[in-house]
Amino acid sequence: MINATAVPVAGAAASSPVADADERTRDRVLAAVLEHGPVSAAELGDMLGFTPAAVRRHLDHLSRAGVIEVKKVAKPGAGAGRPARRYVLSSQGQSSLGNDYLDIAALALQQLQKMAGPDAVRAFAEERFADMERRYAPEIEQAGPDIRDRANALAAALTRDNFVASAASIEAKAPLPAALSSVQLCQGHCPIQQLAARFPVFCDVETEVFSRLVGVDVRRLSTLARGGHVCTTHIPTGRLSAKPVTAPAAAPASLDEVTNHQ
């Protein structure tokens, strides 16, 4: 889980017992927005046990600091009524969660692409995510053949790696066929968001890894790198058993080997 206290909040009061308690409470609110956003003030109050006035005070503080923002969402079945206010992490809040060396990495990849072409960048991304696939595969296999269980295991593994992931089952109701049921896998944080914004192949390769791990074809609905408030992956569960996972091939000894081969 990302430690929300790593996010600096501008304008914090001088240290005192009351100020420290407020800061800890804001950290809890920020962590909840990160994990559950887009989320309403009422939902946050229910989750954290705060009064509406208290949660709005902390949300206003975090909004002024620039680490969260309001997203207006149309209410289902509400027609032309006023859209609901939902809170999400802002781009400033996302970037403050840790992006050390990303500028250097982006420059290095730009140079690699210039010298060896876009296939070399894809090879680099595949090598990076091959390690994730090798680490996740045993525990996802242990979850069994049910796709929902595998998606939950994937979310737990991603959360351990600071992607702040969750998996929500969406059951298709009549007259829709049960085959349209799915799991929405959401990632509230991306450690390489700025890098993926410049090189979308990282998102593409990650999606391919998710598909192999859960054992069905999946579809990316949104990504943080492309302006979404979360990364959302649609995982169909109409077929309740997964295809066997094929272990990824061993990574080449070095990137030079990839470039020379190409």
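Is aspartate 146 buried or exposed? Aspartate 146 is buried, with a relative accessible area of 19%, where buried means under 20%, exposed means over 50% and partly exposed lies in between, using a 1.4 Å probe and protein chains only. Welcome to this predicted model, in which local features need pLDDT of at least 70, side-chain atom pairs count only at pLDDT 80 or more, and totals for chains, interfaces and linings use all residues. Residues are numbered from 1 along each chain as its sequence is written, and side-chain values use heavy atoms, with hydrogens and water left out.

**The cavities**

- The structure holds 2 cavities of 30 Å³ or more. On a 1 Å grid over the protein atoms alone, a cavity is a set of points where a 1.4 Å probe fits but cannot get out, and lining residues have an atom within 4 Å of a point.
- About 70 Å³ of space lies in the largest cavity; a volume is the space filled by probe spheres set on the grid points, which are joined across faces, edges and corners.
- Among the residues that line the largest cavity are Arg128, Phe129, Phe163, Gln187, Phe202, Cys203 and Glu206.
- The lining of the largest cavity divides into 8 nonpolar, 1 polar and 2 charged residues. Here Ala, Val, Leu, Ile, Met, Phe, Trp, Tyr, Cys and Pro count as nonpolar, Asp, Glu, Lys and Arg as charged, and the others, Gly among them, as polar.
- Helix 6 (118–142) and helix 9 (201–214) each supply at least two residues of this lining, and helix 9 gives the most, with 3 residues. Helices (H or I, at least four residues) and strands (E, at least two) are DSSP runs, numbered from the N terminus.

**Helix 6**

- Helix 6 has 25 residues and reaches 36 Å from its first C-alpha to its last, close to the 36 Å expected at 1.5 Å a residue. The expected span of a helix is 1.5 Å times one less than its number of residues.
- A kink of about 35° lies at tyrosine 136 in helix 6, shortly before proline 138. The bend at a residue is the angle between axes fitted to the seven residues ending there and the seven starting there.
- Buried residues of helix 6 include Ala120, Val121, Phe129, Met132, Tyr136 and Ile140.
- After helix 6 comes glycine 144, with a positive phi near 95°.

**Helix 9**

- The 14 residues of helix 9 should span 20 Å at 1.5 Å a residue, and its end C-alpha atoms are 20 Å apart, which agrees.
- Because 11 of its 14 residues are buried, helix 9 is largely enclosed by the rest of the structure.
- Phe202, Cys203, Glu206 and Phe210 are among the buried residues of helix 9.
- Glycine 215 follows helix 9, and its phi is positive, near 95°.

**Salt bridges**

- A search of the whole structure finds 11 salt bridges, each being a side-chain nitrogen of Lys or Arg within 4 Å of a carboxyl oxygen of Asp or Glu.
- Aspartate 131 forms a salt bridge with arginine 135, their closest N and O atoms being 3.1 Å apart. Both lie in helix 6, 4 residues apart, about one turn of the helix.
- Aspartate 131 is partly exposed at 36% relative accessible area, and arginine 135 is partly exposed at 39%.
- Arginine 135 also meets aspartate 161 in a salt bridge (2.9 Å, N to O). Arginine 135 lies in helix 6 and aspartate 161 in the loop between helix 7 and strand 3, so the pair ties together parts that are 26 residues apart in sequence.
- Aspartate 161 is partly exposed, with a relative accessible area of 25%.
- Aspartate 146, from the opening question, meets arginine 148 in a salt bridge (3.8 Å, N to O). Arginine 148 counts as partly exposed, at 23% relative accessibility.
- Salt bridges that share partners join Arg122, Glu126 and Glu208 into one network.

**Two buried residues to look up**

- Valine 164 is found in the loop between helix 7 (147–160) and strand 3 (165–170). Its phi is near 50°, a positive value in a residue other than glycine, and valine 164 is buried at 2% relative accessible area.
- Leucine 44 lies in helix 2 (residues 41–48) and is buried, with a relative accessible area of 0%. The C-alpha atoms of leucine 44 and leucine 30 are separated by 9.9 Å, and these residues are 14 residues apart along the chain.

Technical notes. On a 1 Å grid over the protein atoms alone, a cavity is a set of points where a 1.4 Å probe fits but cannot get out, and a pocket is an open set with protein on both sides within 12 Å along at least five of seven lines; lining residues have an atom within 4 Å of a point.
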